[in-house]
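Colleague: I have the sequence and the structure open. Talk me through how the labels on it were assigned.

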Amino acid sequence: MTTRSDGEGWPAGRQRPLFLYDGDCGFCTRSAQFIRSAVRPTVDIEPWQRMPLATLGVSAGQAGRAVWWIGAHGQRASGAAAIALVLGRSGRVGARGAAWRIAGRVLAVPPVSWVAAGVYPVVAGNRHRLPGATAACAVQPGGAPGR
């Protein structure tokens, strides 16, 4: 996880945290759609290809390898840590919302966070083999997304 709290890299006018995913990857897009509908987080969920990455302080290579959380005050997290933050911001009410928020908290605490941090790169590196995937889902050995 990468964290910054200096507020740099935040586009003017944006007030909610931002969750970036690979919009060219079918598996990633389906996962983002699931998060939108099931978790309903109080964050903006956008494909990294549509965002000003330089302004956000994330390179295309970084965005192609993992999902990213960009907080309103400059906090950045990637991979499993970003997913934990998104789950923790579930906007659902009732038991379902509470369950997602608890899952996010659990995912952020060792030893679960250690396991998640180890599993995430394996899943991300094999996303082209997962349901809904396309050739664009492959991540090349150097970390660049396959196109």
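Modeller: Helices here are DSSP runs of H or I with at least four residues, and strands are runs of E with at least two, numbered from the N terminus. Read that way, the protein chain runs β-α-β-α-α-β-β-α-α-α. Keep in mind that this is a predicted model.

Colleague: How many helices and strands does the protein chain have?

Modeller: Six helices and four strands.

Colleague: What makes L53 part of a helix?

Modeller: L53 is in α2, which spans residues 53-56. A helix needs at least four residues, and that run qualifies.

Colleague: Why is L53 called buried?

Modeller: Buried means under 20% relative accessible area. L53 has 11% relative accessibility, so L53 counts as buried. Leaving out residues up to four places away in sequence, L53 touches L20, W48, V58, S59, A60 and A63. L20 is 33 residues away in sequence, with 9.8 Å between the two C-alpha atoms.

Colleague: How much of the protein chain counts as buried?

Modeller: 39% of its 147 residues. As for contacts with a separation of 6 or more, 63% join residues 24 or more positions apart.

Colleague: How many salt bridges are there, and what makes a pair count as one?

Modeller: Two. The rule asks for a side-chain nitrogen of Lys or Arg within 4 Å of a carboxyl oxygen of Asp or Glu. D44 and R16 meet at 3.1 Å, N to O, so that pair passes. D44 is in strand β2 and R16 in the segment before β1, so the bridge ties together parts 28 residues apart in sequence.

Colleague: And which is the other pair?

Modeller: D22 and R127, also with 3.1 Å from N to O. D22 belongs to the loop between β1 and α1, while R127 belongs to the segment after α6, so parts 105 residues apart in sequence are tied together.

Colleague: Are D22 and R127 buried or exposed?

Modeller: The cut-off for buried is under 20%. D22 is at 2%, so D22 counts as buried. R127 is at 5%, so R127 counts as buried too.

Colleague: Where is R92, and what does R92 contact?

Modeller: R92 sits in the loop between α4 and α5. Setting aside neighbours within four places in sequence, its contacts are S37, A38, V39, R40, G97, W100 and R101.

Colleague: How much space is in the largest pocket?

Modeller: About 460 Å³. There are 25 lining residues, and F27, S31, I83, Y120 and V123 come closest to the centre. The elements giving two or more residues to the lining are β1, α1, α3, α4, α5 and α6. The largest share, seven residues, is from α1.

Colleague: How does the lining divide into nonpolar, polar and charged?

Modeller: 21 nonpolar, one polar and three charged. Asp, Glu, Lys and Arg are the residue types that count as charged.

Definitions and conventions:
Residues are numbered from 1 along each chain as its sequence is written. This is a predicted model: local features need pLDDT of at least 70, side-chain atom pairs count only at pLDDT 80 or more; totals for chains, interfaces and linings use all residues. Side-chain values use heavy atoms; hydrogens and water are left out. On a 1 Å grid over the protein atoms alone, a cavity is a set of points where a 1.4 Å probe fits but cannot get out, and a pocket is an open set with protein on both sides within 12 Å along at least five of seven lines; lining residues have an atom within 4 Å of a point. Grid points are joined across faces, edges and corners, and a volume is the space filled by probe spheres set on the points. Contact means heavy atoms within 4.5 Å. Buried means under 20% relative accessible area, exposed over 50%, partly exposed in between (1.4 Å probe, protein chains only).
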